[in-house]
Amino acid sequence: MLRTLNIENIAVIEKAQIEFNKGLNVLTGETGAGKSIVVDSINAILGERTSRELVRHGADHAFVSAYFDDISYVVKDKLKELGFEAEEDGSLLLTRRISESGKSVCKINGASATVSILKEIGQLLVNIHGQHDSQQLLNPDSHYLFIDMLGDDKGILADYKKSFHELISVRRRLKALTADEEDKERTLELLNYQIKELEAANITVGEREELGKKKLLIENGEAMLTALSGALAALNGDDDFNGAQTLISSSVKELNSLKAASETIKQIASKLTDIGEIIEEVKDLIDAEILSLDFDEGEREQVEDRLDLLYKLSGKYGETEADMLAFLEKAREKRNSILNNDEELERLTAQYDKLFDSVVENAEKLSEYRKKTAKKFESDVKAQLEFLDMPKIQFIVKFDRGNLSSNGFDKIEFLISTNPGEPAKPLAKIASGGELSRIMLAIKNVIVHNDTIGTLIFDEIDTGVSGRASRKIGLKLKAVSKETQVITVTHSAQIASAADEHFLISKDFDNNKTYTKVSPLDFEGRKRELARIMGGLQITDTLLKSAEEMLSSQEDIQ
């Protein structure tokens, strides 16, 4: 539900913060005080179209934020679908900044969003109904939602949607298979070229890494051979000088030839002998390593050519050898699919026909269930409207058959007749703004236990109705507010007296500027405001007493 609404620099509201509560929240005030601006601000934060005219004169921008808590699973799912996350506590913060030029910057829980995304989320958070705001009722395409919302057996709709989505999936595959022959030939030509190129390359996983090592070895081979040869010469010596092995061997012989040699000299001779053996081992290692350095320029060119080929192919078919081989496998499968097109086409056609029959059967079941639900819906809504002093109104749910869609084949539209003997016609052609609001209030009373919308706003629902009817509207608003948060703008004392929270919209003047403020009212404040609504500028003791009685009677009802 909507908990906090912050408004800055919108029309005559410089700054206002409204803390809404559960139940029925009422906004009252004199005509022109700015009640409609609060509704305009809510519309703005819900992603509705705005203009730069909304920005307060002299300000460089306007700003609205709305804090919601305890959002429904429907909102959470939509947020996730759009790439956003609700807070862990189920709260949601929407903000919108409107510049002088009319441009908007929107955010959802601090993350940037477009106005259209804000609108998608907003439609699931709040319903606004008023003189000019009953889109759901005026749009027949959304009327089926009310029927489906009221139905208890959600499995019928779920079964239909599942079968329909399976049908669409098969239809997409059929459409791909029945592409024109020219496209098929071009695709086959490309696939054959790709497969031939990859097969000719005979790629193996890890090959590029091994070739890289080999290339490095070849590039360093000459330096390695020179270093190893130098080390071997140092150990062996040549015609010009004795190597380490010869020198050590001579030293050992000389030391062993000494008579009466000390133990230390004997140890020295022994260790030099060990060193000689180590030198022999090192020579063997050097010889083996030199023999392993078997390379030539031709091999170097082959390695470089192979690496170049793999690099070229990786740019076309995948970064790694595994990626390229996976591309090859998919290309083969795709080619086989095209080559076996007729067989696959026959199989999918049979599958499509079977699924289509199943979808039609499920659509028939869904339609029958909707019609059964609609009968009760008609009866319940009519009973609600009779209570709201619209006893002669006829409310009819009209069913026509349309094309299959994800919602079935039903074309559902609400029709009304406001006068006996007149044929029922679409709501948009007959109902006034006030009537639409009362019809929506009646519908909401019927579906209140099944509705996922957390906040309902009724803007001047009392327009054109008597005090008796206003009293009844207040009772119905109160009833709905026990399940769903309700915010209403009203000029009716009977409706205002039913409020759980009452806010006064008032206008002040200072330094040739106009300011609108929103103030929560206590019991005494509510009493004076009800007296003002009932009596205008002259607030008498009699009016105050009547207002107090009205508030007291509401406490008895609660």
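**Close-up views of a predicted model**

**View 1. Y317 and F327 as an aromatic pair.** Y317 has a relative accessibility of 6% and therefore counts as buried (under 20% relative accessible area; exposed is over 50% and partly exposed in between, with a 1.4 Å probe and protein chains only). F327, at 27%, is partly exposed. The model is predicted: local features need pLDDT of at least 70, side-chain atom pairs count only at pLDDT 80 or more, and totals for chains, interfaces and linings use all residues. Residues are numbered from 1 along each chain as its sequence is written, and side-chain values use heavy atoms, with hydrogens and water left out. A search of the whole structure gives eight aromatic pairs (rings of Phe, Tyr and Trp, the last by its six-membered ring, with centres within 6.5 Å; planes under 30 degrees apart are stacked, over 60 edge-to-face, the rest tilted). The pair of Y317 and F327 is tilted, at 4.8 Å centre to centre and 50 degrees between the planes. Y317 belongs to helix 11 (residues 297-317) and F327 to helix 12 (residues 321-339), ten residues apart (helices, H or I, of at least four residues and strands, E, of at least two are DSSP runs numbered from the N terminus).

View 2. F377 lies in helix 13 (residues 341-387) and F414 in strand 10 (residues 408-417), so the pair ties together parts 37 residues apart in sequence. F377 is buried at 0% relative accessibility, and F414 is also buried at 0%. One aromatic cluster consists of F146, F377, F395 and F414.

**View 3. The largest nonpolar core.** This core has 51 residues (buried Ala, Val, Leu, Ile, Met, Phe, Trp, Tyr and Cys joined through side-chain atoms within 4.5 Å). Among the residues with the most contacts inside it are F377, F414 and L477. Helix 15 (residues 433-447) supplies the largest share, eight residues. A second, separate core of 46 residues includes A16, I42, A62 and V518.

View 4. Strand 4 (residues 61-68) and strand 5 (residues 92-99) pair over eight bridges. A62 stands opposite I98 in strand 5.

Definitions and conventions
Two strands pair if DSSP finds at least two bridges between them.
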